[in-house]
Amino acid sequence: MIYVFRRAVFVVATVAWIASAAVAAPGKLTYQDKAMGTSVSVWFWTDKEADAAKAAEAMFGEMKRLDKEMTTWLPDSDLSRINTAAGVKPVVVSDETITVIQRAIDVSKRSNGVFDITVQAFHGLWKFDEDMDGSLPDQDEVKKRLALIGWKDIVVNPAKKTVFLKRKGMAITLGGIAKGYAVDKCVTLLKAKGFTDFMVQAGGDMYVAGSKGADPWVVGIRDPRGPKDSMFAVAPIKDHSFSTSGDYERGFVKDGVRYHHILDPHTGQPAHASRSVTIRAKDAFTADAWSKVLFIDGWEEGLKIIKDNKLDDFEVVWVDDQNKVHTTAGIDKDLKRLKDPTPGI
């Protein structure tokens, strides 16, 4: 007897074999989309393909919903309305926008302002988005806009659900923290739909849940100066975030210097203490913001920050400005180094 199954022809001999073949074995299913200015992916380890497809669609919808609230690219988003009303009046926003801004302010306070969402004031000077043309800003103008930087001038009123920027010309961006929040929201959504073994990634922010059968999920750390798909280290991850900030995604090299989108709010210049920072933490919300802090400060100061802030369940891999790899003790034992990071500017 001949059966056609997914365009393949199988000659079967027994009814028992047919019955067992009817139940697909669990495997990896991958779905991709775009949101928050980056690629968004989800990988499932399951035998429920139809359910996974529906869950992925719901997840992408959730990511795009949050994007509409927290983007600076839409004129009617929460952030755009806050920025337009800077120095004029408080603006009513969603509970979620309040949550993310409050978390950003907390990280700013604990990092002595190394993380500061008011860096949006530099937008239009540094060109690292669709406008990237390799040009450098007028440094006198950069210095002028430094006067508009200051997380302490963000006023949040949770009771009234308002956000107010004290001075005209101020502006905020959640580009350094919102993707982590969105990833965690998507993880909650997928778990509520019954999935336990999956990975969610939005740009450099990832959460890994469960495993792929008997084996752990294994994720890689990109070689900052190697080809796009080149990894210098890998590690097994379960029920943790694994997020990377690097100087290679949005930037360019000019006159022997690399310029990129991770700005030090104290100087208005691209930070140069690190080439990449990867964090393993309990959630992506935590990892997303702190990866920027540890990137800007570098590994030596970063270790002090981790200790001073008692960042529990928090591990880091740095590639510093000299292309040297540094790690915290907790992740070093799990990290498999495949090669040294590629040298280069």
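Let's start with Gly344, which is partly exposed, with a relative accessible area of 36%. On that scale, buried means under 20%, exposed over 50%, and partly exposed in between, using a 1.4 Å probe and protein chains only. Keep in mind that this is a predicted model: local features need pLDDT of at least 70, side-chain atom pairs count only at pLDDT 80 or more, and totals for chains, interfaces and linings use all residues. Residues are numbered from 1 along each chain as its sequence is written, and side-chain values use heavy atoms, with hydrogens and water left out.

You'll find Gly344 in the segment after strand S20 (336-337). Helices (H or I, at least four residues) and strands (E, at least two) are DSSP runs, numbered from the N terminus. Not counting residues up to four places away in sequence, Gly344 touches Arg225 and Arg275, where contact means heavy atoms within 4.5 Å.

Now over to Arg222, in strand S10 (residues 217-222). Is Arg222 buried or exposed? Arg222 is buried, with a relative accessible area of 16%. Beyond its neighbours within four places in sequence, Arg222 is in contact with several residues, including Phe232, Tyr248 and Glu249.

Last stop, helix H2. Among the buried residues of H2 are Met59, Phe60 and Glu62. What covers the buried residues of H2 includes strand S3 (27-35), helix H4 (95-110) and helix H6 (178-192).
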